[in-house]
Amino acid sequence: MEGFSDVEIRRSRRRRKTVSAHREGDRLVLLMPAGLSARLEERYVKELGEKVLAREQRRRPSDSDLLERAARLSDRYLEGRAVPSNVRWVTNQSSRWGSCTTSGRTIRLSHRLRGMPDYVIDYVLLHELVHLLVPGHGPDFHALLDRYPRVERASGYLEGWSGRDGSGGVGDDEAVDGDGDETGGGVSPVG
């Protein structure tokens, strides 16, 4: 099905009437009764797959929404000092959740965050905002990031998600962009 790399059907003898669907990574997972016909299975894959995509679309902020969200987070947790020039979704970050370039004051968030809970997206966005003020992951960096009340919960969520796809836990690897500017490391699921 379009929007998913694979469809997995999980049948249960205990499930009698209900069919539900959710995303796991790039897969659509359907939970359904064991005795459901192939015709109904096909129908549910299409219908529920479309519902999952529609629900995710409602939860996916646009690039301009991300920039506004960054401004709100900066105002709330950083006294408005971190002002990015651009915040956008990117599809070329498979080994990290977000990154920033301090010279251009740009923030990039991995498309894999789309559909995740708001507090997780806010955590990654705030992490990158802090890098606009403090390079590296030293005590000054953590003092600012720890102002966010859901740091541990969001970090744990991302560690769990990273563990699902085998890419490891959240790490603090530094990175360099093409200009040689420190990107602030970003939130990376590389162990």
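This is a predicted model: local features need pLDDT of at least 70, side-chain atom pairs count only at pLDDT 80 or more; totals for chains, interfaces and linings use all residues.
The largest nonpolar core comprises 33 residues, of which Leu109, Leu113, Leu126 and Leu129 touch the most other members. Two or more residues are contributed to this core by each of α2 (63-78), β4 (86-90), β6 (106-110), α3 (118-133), α4 (139-145) and α5 (151-164). The largest share, 10 residues, is supplied by α3. When neighbours within four places in sequence are set aside, Leu113 is in contact with Trp89, Trp97, Val120, Ile121, Val124 and Leu158. Another core, of 11 residues, lies apart from the largest one; its members include Ala21, Met32, Leu36 and Val52.

Two packed helices are described by the angle between their axes and the distance between the axes. The axes of α2 and α3 come within 9 Å and cross at roughly 70 degrees. Because angles of 65 to 115 degrees count as roughly perpendicular, α2 is roughly perpendicular to α3. On the α2 side, the residues in contact are Leu66, Arg69, Ala70, Leu73, Ser74, Tyr77 and Leu78; they meet Asp118, Ile121, Asp122, Leu125, Leu126, Leu129, Val130 and Leu133 of α3. By class, this contact has 11 nonpolar, one polar and three charged residues.

Strands of a sheet pair through backbone hydrogen bonds, either parallel or antiparallel. In this model, three strands form an open sheet of mixed pairing, in the order β4-β6-β5. Its edge strands, β4 and β5 (98-101), each pair on one side only, and the twist averages 20 degrees from one strand to the next. The pairing of β4 with β6 is parallel and spans five bridges. Helix α2 packs on the sheet, where it touches β4 and β6, and its direction makes about 130 degrees with that of β4.

Terms used: Residues are numbered from 1 along each chain as its sequence is written. Side-chain values use heavy atoms; hydrogens and water are left out. A nonpolar core is a set of buried Ala, Val, Leu, Ile, Met, Phe, Trp, Tyr and Cys residues joined through side-chain atoms within 4.5 Å. Buried means under 20% relative accessible area, exposed over 50%, partly exposed in between (1.4 Å probe, protein chains only). Helices (H or I, at least four residues) and strands (E, at least two) are DSSP runs, numbered from the N terminus. Contact means heavy atoms within 4.5 Å. Axes are lines fitted to C-alpha atoms, for helices over the stretch in contact, and angles run from 0 to 180 degrees between N-to-C directions. Angles under 35 degrees count as roughly parallel, over 145 as roughly antiparallel, 65 to 115 as roughly perpendicular and the rest as oblique. Ala, Val, Leu, Ile, Met, Phe, Trp, Tyr, Cys and Pro count as nonpolar, Asp, Glu, Lys and Arg as charged, and the others, Gly among them, as polar. Two strands pair if DSSP finds at least two bridges between them.
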